[in-house]
Amino acid sequence: LRDIMTVLRGRAWTMLLVILALPFCTPIPLPGLSTLFGLVIALIGFRLMLGQKPWLPARLLDLQLPSRFFPQLLSATQRLVRLLEYFLRPRMPWLINRTFLHHACGGMIMVSGGLLLLPLPIPFSNILPALTVVLTAGALLERDGYGVLAGALVFGLCLCFFGAIAVGGLEFVN
């Protein structure tokens, strides 16, 4: 991860968020990775929410990913990446330049990372939070106000989905 951060420089944190969330935008579950990646996403989102420069512990930065990870990631998410490239572009600068928006985006990313931490064997339980992170971080990366609004919409759907799971679980227990 440290090497990725070095290569990406100024846009490293938002790009790292996109890279970490992309594997969960596919219907193929990746057991074990959602907890680790969700933790990293939540930590970065927390720092962004506070308006601070993101920071990760050295232990996480020195984490070695399997050599096949990135080729498999890019081949599995090729359509989504192309869609993001087409959709995201600089728009609505008056919205993106607001400090409050960056704090709100950090909060959405943090909550979505926390939801990725949950080991739920339920369909779409990883896709919705991951899509929120990808859209929000991609929009911040490209300074796209429409992308932020789309990320907020998906975040709302994500909260409704997990709220329904929580209510259903409480009803089942009672």
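**Buried residues, core packing and a nonpolar patch**

Arg91 counts as buried, because its relative accessibility is 16% (buried, under 20% relative accessible area; exposed, over 50%; partly exposed, in between; 1.4 Å probe, protein chains only). The model is predicted: local features need pLDDT of at least 70, side-chain atom pairs count only at pLDDT 80 or more, and totals for chains, interfaces and linings use all residues. Residues are numbered from 1 along each chain as its sequence is written, and side-chain values use heavy atoms, without hydrogens or water.

Arg91 sits in the loop between α6 and α7 (helices: DSSP runs of H or I, at least four residues; strands: E, at least two; numbered from the N terminus). Beyond residues up to four places away in sequence, Arg91 touches Ile96, Arg143, Asp144, Gly145 and Tyr146 (contact: heavy atoms within 4.5 Å). One of these partners, Tyr146, is also part of a nonpolar surface patch.

That patch covers about 560 Å². Its members are Leu83, Tyr86, Phe87, Tyr146 and Leu149 (patch residues have over 30% relative accessible area and no salt bridge; like charges are joined within 9 Å, nonpolar side chains within 5 Å; areas are Shrake-Rupley, 1.4 Å probe; a salt bridge is a Lys or Arg side-chain nitrogen within 4 Å of an Asp or Glu carboxyl oxygen). Helices α6 and α10 each supply at least two residues of the patch. The most comes from α6, with 3 residues. Phe87 belongs to helix α6. Its relative accessible area is 31%, so Phe87 is partly exposed.

Ile44 contacts Trp13, Leu16, Leu17, Pro54 and Leu56 when neighbours within four places in sequence are left aside.

Aromatic packing was then examined. The whole structure contains 2 aromatic pairs (Phe, Tyr and Trp six-membered ring centres within 6.5 Å; planes under 30 degrees apart are stacked, over 60 edge-to-face, the rest tilted). The rings of Phe24 and Phe37 have centres 6.1 Å apart and planes at 85°, so this pair is edge-to-face. It links distant parts of the chain, with Phe24 in the loop between α2 and α3 and Phe37 in helix α3, 13 residues apart. Phe24 is buried, at 3% relative accessible area. Phe37 is buried too, at 2%. Phe161 and Phe162 have ring centres 5.5 Å apart and planes at 85°, so this pair is also edge-to-face. Phe161 is partly exposed, with a relative accessible area of 22%. Phe162, in contrast, is buried at 10%.

Phe155 is located in helix α10. With a relative accessible area of 13%, this residue is buried. Its contacts, neighbours within four places in sequence aside, are Met108, Val111, Ser112 and Thr132. A separation of 7.0 Å lies between the C-alpha atoms of Phe155 and Pro129, which are 26 residues apart along the chain.
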